[in-house]
Amino acid sequence: MKTPAHTARTSLLASAALALVLGTGAAAFAQTAAPAEAPAAEAPAAPATDAAPAPAADATAADATTARDAAGTPAAVDLNAVSGPIAGPETPVEVGPRSEGASLPTEEQKAMESEVTDHTTRPQDQYEPSLTTLAQEQIPVPGAPEGIPAMTQAEFDEANTIYFERCAGCHGVLRTGATGKALTPDLTRELGFDYLHSFITYGSPAGMPNWGTSGQMTDEQVTLMANYLLQEPASPPEFGMPEMRETWQVIVPPEDRPTEKMNDWDLENLFSVTLRDAGQIALIDGGTYELKKVLDTGYAVHISRMSASGRYLMVIGRDAKVDMIDLWMEDPSIVATIKIGAEARSVETSKMEGWEDRYAIAGAYWPPQYVIMDGATLEPLKIVSTRGNIYDEQTYHPEPRVAAILGSHYRPEFLVNIKETGKIHLVDYTDLKNLKITEIEAERFLHDGGLDASKRYFITAANARGKLVVIDTKEGKLAAITDTGGETPHPGRGANFVHPTFGPVWATSHLGDESVALIGTDPEGHADNAWQIVDSFPALGGGSLFVKTHPNSHYLYVDATLNPDAAVSGSVAVFDIDNMPGDGSDPEIITLNIAEMAEITEGQPRVVQGEFNKDGTEIWFSVWNGADQESAIVVIDDATLELKHVIKDQRLITPTGKFNVYNTQNDVY
């Protein structure tokens with residue numbers, strides 16, 4: 001058994017691998033998290049980056065932008081125009097005073113190389129989500145002050161692409177810091193070009209990736225990024241009510257929709273499957289395995305969520321596009337859509353009795369905000385900014401991202417995780433004009449989580465801090481904060497089951513090591529175990545993203561999607577719940593090689609996110625391969641742990657998340 005005071009087992013992940021993330025295609029690069037005690041440089045690429053940097057834009061078309069004068073006439077504007085002298089390639093650069101670390105000679109900095117591990121081998125460093133869609137924004141290049149080399153628009157575009165895809169997840173959109181340190185000009189100019197170049201090249205043992213020596217950046221790109229960090233940060237556009245309303249479409253008005261179910265689909269056993277790189281979802285029948293329909297959605301759908309009634313399926317892409325699908329239609333289709341920002345991850349609907357389907361809510365990474373929408377049309381009604389002070393330091397943070405959102409079953413509230421400030425908002429949606437928000441101080445870097453079996457308690461991971469936060473949704477207050485004893489917990493929604501010794505528990509796995517931690521969830525029947533880590537044991541290895549079980553199953557399944565070892569990332573660990581010891585010894589591991597069952601011989605297919613059918617008799621796993629390679633979904637018989645079916649279809653492009661309608665609607669996990 002592992003306890004919070006005990007250092008969790010550390011996987012020896014020796015082979016280098018490209019970082020594959022849920023926000024990534026088959027060849028993404030790694031982004032690193034610093035130790036929780038000293039935030040220095042996906043935690044989530046989420047899984048880190050979403051793609052390799054795009055080629056530089058055509059410089060002839062990018063060195064100027066179009067503005068309008070007072071009369072509205074387009075006018076060419078020199079984007080480098082500043083008051084005072086304009087720096088150019090020949091401008092001498094005076095390096096200001098350096099910090100003690102920055103004063104190291106280049107040769108001594110190079111000597112650091114031997115101390116730096118190849119950061120692509122650390123799954124927890126691959127998870128910080130990159131801001132892929134934000135990287136597509138063209139942001140005017142700022143004017144360079146005297147003494148700082150100016151950048152062309154083409155150079156600035158390329159640097160922004162690299163920064164948003166590889167760095168912003170840790171260092172923030174505005175470079176003000178998140179799980180990584182701030183990289184604002186007042187700091188970077190003190191360090192100077194030479195130091196920045198060496199640091200980007202060689203990295204640091206504390207968590208900064210060795211971008212240059214790993215080959216993930218060319219020397220030219222390292223030089224580009226060192227210059228970029230001396231410039232003023234890019235300022236992406238805001239996205240307010242006018243911008244949202246411009247994207248909002250009601251394709252089929254509520255009055256034109258059916259008043260009863262018009263198809264013969266078994267909706268409760270329907271699966272919504274993310275086809276990540278295709279920008280689509282697939283609707284698959286859980287009984288016949290028939291791929292019923294493929295729908296175009298936002299890019300890289302992150303989650304699917306069901307309305308409380310089970311009628312509307314909501315999906316949100318990382319490009320912040322929300323699509324509402326009416327499953328009652330004769331041919332289920334998208335009936336409303338909206339874009340709520342530039343980058344996003346979460347969507348949810350109201351679940352409190354009497355308020356079912358009344359509202360939807362979506363949260364953005366950029367701009368840092370969430371929006372409450374009409375539950376039938378997605379009309380944006382109320383935008384709430386998350387900018388504010390970090391809970392413990394009481395210092396201002398300009399870009400706290402919105403992570404998990406949950407609809408309470410006990411109160412007419414949404415629970416909103418605000419990542420960088422470490423706060424959870426309980427948003428009372430009964431009166432949007434006089435909005436009441438209860439702000440709970442929790443822990444920084446709140447990410448994912450789910451409900452306990454009673455649906456009263458929300459358990460969520462502060463992943464870069466190695467903690468679980470428990471919220472009592474009935475009382476509307478903090479119940480507990482506890483260390484998991486592992487590195488970078490990533491539970492997804494977690495897994496609820498009754499342990500033969502400890503009673504009701506909720507499980508999380510970890511990105512940074514092989515441990516699975518169990519937290520007691522029964523304050524009435526097992527008060528001594530409530531909100532304590534009662535057990536921790538090893539699974540297959542680091543890089544796990546999801547744990548899964550079902551009330552009708554006696555097995556706990558744990559994936560290892562981001563493990564660099566192909567044999568591990570293609571397998572899942574299975575534990576017999578009924579035979580879990582309560583004496584501190586480790587339960588037996590049953591290993592299922594899911595990728596081998598899929599009979600895919602090309603690429604490095606990674607197995608991710610088990611999801612049960614409605615009855616809990618089958619568990620489905622995505623076998624996630626490159627966009628131009630074969631992928632599949634493998635169905636396992638839960639009673640026998642034997643292969644039951646393999647779903648293959650040329651339309652199954654990079655399948656990742658799967659969401660059974662009944663289980664998602666009723667928070668069964």
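## Aromatic pairs

The structure, a predicted model, holds 15 aromatic pairs. One of them joins phenylalanine 537 and phenylalanine 575 edge-to-face, with 4.9 Å centre to centre and 65° between the planes. Phenylalanine 537 belongs to strand 28 (residues 533-538) and phenylalanine 575 to strand 31 (residues 571-576), so this contact ties together parts that are 38 residues apart in sequence. Phenylalanine 537 counts as buried because its relative accessibility is 0%, and the cut-off is under 20%. Phenylalanine 575 is also buried, with a relative accessible area of 0%.

Tyrosine 557 and phenylalanine 612 form another edge-to-face pair, at 5.9 Å centre to centre and 70° between the planes. This pair links distant parts of the chain, 55 residues apart: tyrosine 557 lies in strand 30 (residues 555-559) and phenylalanine 612 in strand 33 (residues 606-612). Both tyrosine 557 and phenylalanine 612 are buried.

## Nonpolar cores

The largest nonpolar core has 32 residues, and Met151, Tyr163, Phe164, Ile200, Met217, Met225 and Tyr228 touch the most other members. At least two residues of this core come from each of helix 3 (153-166), helix 6 (193-202) and helix 7 (219-228). A second, separate core has 24 residues, among them Val252, Ile303, Val347 and Ala360.

Tyr163, Phe164 and Tyr228 also belong, with Phe156, to one aromatic cluster.

## Charges over a ring

Two arginines are placed over the ring of tyrosine 365. The charged end of arginine 345 sits 4.4 Å from the ring centre. Arginine 401 lies over the face of tyrosine 365 at 5.1 Å from the ring centre.

Conventions. Residues numbered from 1 in each chain as written. Predicted model: local features only at pLDDT ≥ 70, side-chain atom pairs only at ≥ 80, totals over all residues. Heavy atoms only, no water. Core = buried A, V, L, I, M, F, W, Y, C linked by side-chain atoms within 4.5 Å. Buried < 20%, exposed > 50% of the residue type's maximum accessible area, 1.4 Å probe, protein only. Helix = DSSP H or I, 4+ residues; strand = E, 2+ residues; numbered from the N terminus. Phe/Tyr/Trp six-rings, centres within 6.5 Å; stacked < 30°, edge-to-face > 60°. Lys NZ or Arg CZ within 6 Å of the ring centre and 35° of its normal.
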